[in-house]
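Hi everyone, thanks for making time this morning. I'd like to walk you through a model, starting at the surface and then going inside. Let me put it up on the screen.

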Amino acid sequence: MGLFERFLSLWIALAMVAGLILGSFAPTLVQLIAAAEFASVNLVVAVLIWAMVYPMMIGVDLTSLGQVARQPKGLLITVIVNWLIKPFTMAALAVLFFETVFAPWIAPEDAKQYIAGLILLGAAPCTAMVFVWSQLTKGDENYTLLQVTVNDVIMVFAFAPLVAFLLGVTNVTVPWETLVLSAVLFVLLPLLAGVATRRALGTQQAITTFSARVKPASIMGLIVTVMILFALQGHQIIERPTLIALIAVPILIQSYAIFAVAYGAAYMMGVSHRVAAPCALIGTSNFFELAVAVAISLFGLGSGAALATVVGVLVEVPVMLSLVWFANRTRSGFDPQHA
């Protein structure tokens, strides 16, 4: 794990502080950035999100789809957890906490925004960081690549309808055209660009070298996006510092519960640990770059939905590292004949 991945939560926290300072001392600049929109898409953030997503999509190898028949159990668990369980449990937890448990402290309109942000997190399974988690658990790298590729292909077709359905169920009005535009702009086009880049580079060594070269752009894109979000949200956060903790509660419950479901299913089905650990971790982690981008496109830079997705970024690394530790500690518990 590189320096950035290891201390991701620290960098995000520092970016939040920098954003609060920026919002206090340069509000005009922040408002100019927020006003730079076209077709409900913020142009500044769109560039930053592309800087984040494109390097990740270079790692997606569509030729790996031919290996779907190899160890199908792990892939089956990944698909079921990511697309038939996780989005719905996240929506249910969001509604439970923000319409019932936290109702005395959260205004109804704000609650809708936080619910929407959490739904966007739940509907976007991890694309890039899962390779880090897989490496830390000695996972099967080729199988992890297959899982990520299948997820991304499904995401192209399923993300927009699934999000629209869940937001509709929770009484959040979503313009379909904006949601579809976001899915095309931040999923389909980066995926196609990544595939084209892989073909142009040719060899795996060239792909690895190029990915390492563009990775800093991904890091800076995330940090600057978080700074902008918190520059706009600064007054609300300063006035209500407990808000971050409230948003984190359903995310934490969801993360550990989803891991338990996927990891337990893999154990019961006799999946090898090298497949089981990444299989569970990919469902637990989120494609937060996509969630942030779509939240901004649908609800705006200063929205509660955008804030909720950023809180997801903040809590992800500590949670995932604790699950990596647990997965490594329980390696011997898997049936030796499958290990």
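This is a predicted model: local features need pLDDT of at least 70, side-chain atom pairs count only at pLDDT 80 or more; totals for chains, interfaces and linings use all residues.

You'll find Leu76 in helix α5.

So what is around it on the outside? Leu76 belongs to a nonpolar surface patch together with Ile80, Leu84, Tyr267, Met268 and Met269. Together these residues have about 610 Å² of accessible area. Two elements each give two or more residues to the patch: α5, spanning 72-101, and α11, spanning 243-268. Of the elements, α5 gives the most, with 3 residues.

Now let's go inside. The largest nonpolar core has 116 residues, and helix α14, residues 304-329, supplies the largest share of that core with 15 residues. Which residues have the most contacts inside this core? They are Phe98, Phe159, Ile247 and Leu290.

Let me stay with Phe98 for a moment. Setting aside neighbours within four places in sequence, Phe98 is in contact with Ala103, Ile106, Ala111, Tyr114, Ile115, Leu118, Leu246, Ile247 and Pro250. Ile247, in that list, is also one of the residues with the most contacts inside the core.

One last stop: Thr197, in helix α9, residues 176-201. Is Thr197 buried or exposed? Thr197 counts as buried because its relative accessibility is 13%, and the cut-off for buried is under 20%. Beyond its neighbours within four places in sequence, Thr197 is in contact with Tyr54, Ile58 and Phe210.

That's my tour, and I'm happy to take questions!

Note on methods
Residues are numbered from 1 along each chain as its sequence is written. Side-chain values use heavy atoms; hydrogens and water are left out. A nonpolar core is a set of buried Ala, Val, Leu, Ile, Met, Phe, Trp, Tyr and Cys residues joined through side-chain atoms within 4.5 Å. Buried means under 20% relative accessible area, exposed over 50%, partly exposed in between (1.4 Å probe, protein chains only). Helices (H or I, at least four residues) and strands (E, at least two) are DSSP runs, numbered from the N terminus. Contact means heavy atoms within 4.5 Å. Patches are made of residues with over 30% relative accessible area and no salt bridge: like charges are joined within 9 Å, nonpolar side chains (Val, Leu, Ile, Met, Phe, Trp, Tyr) within 5 Å. Accessible areas come from the Shrake-Rupley method with a 1.4 Å probe; for residues, only the protein chains shown count as cover. A salt bridge is a side-chain nitrogen of Lys or Arg within 4 Å of a carboxyl oxygen of Asp or Glu.
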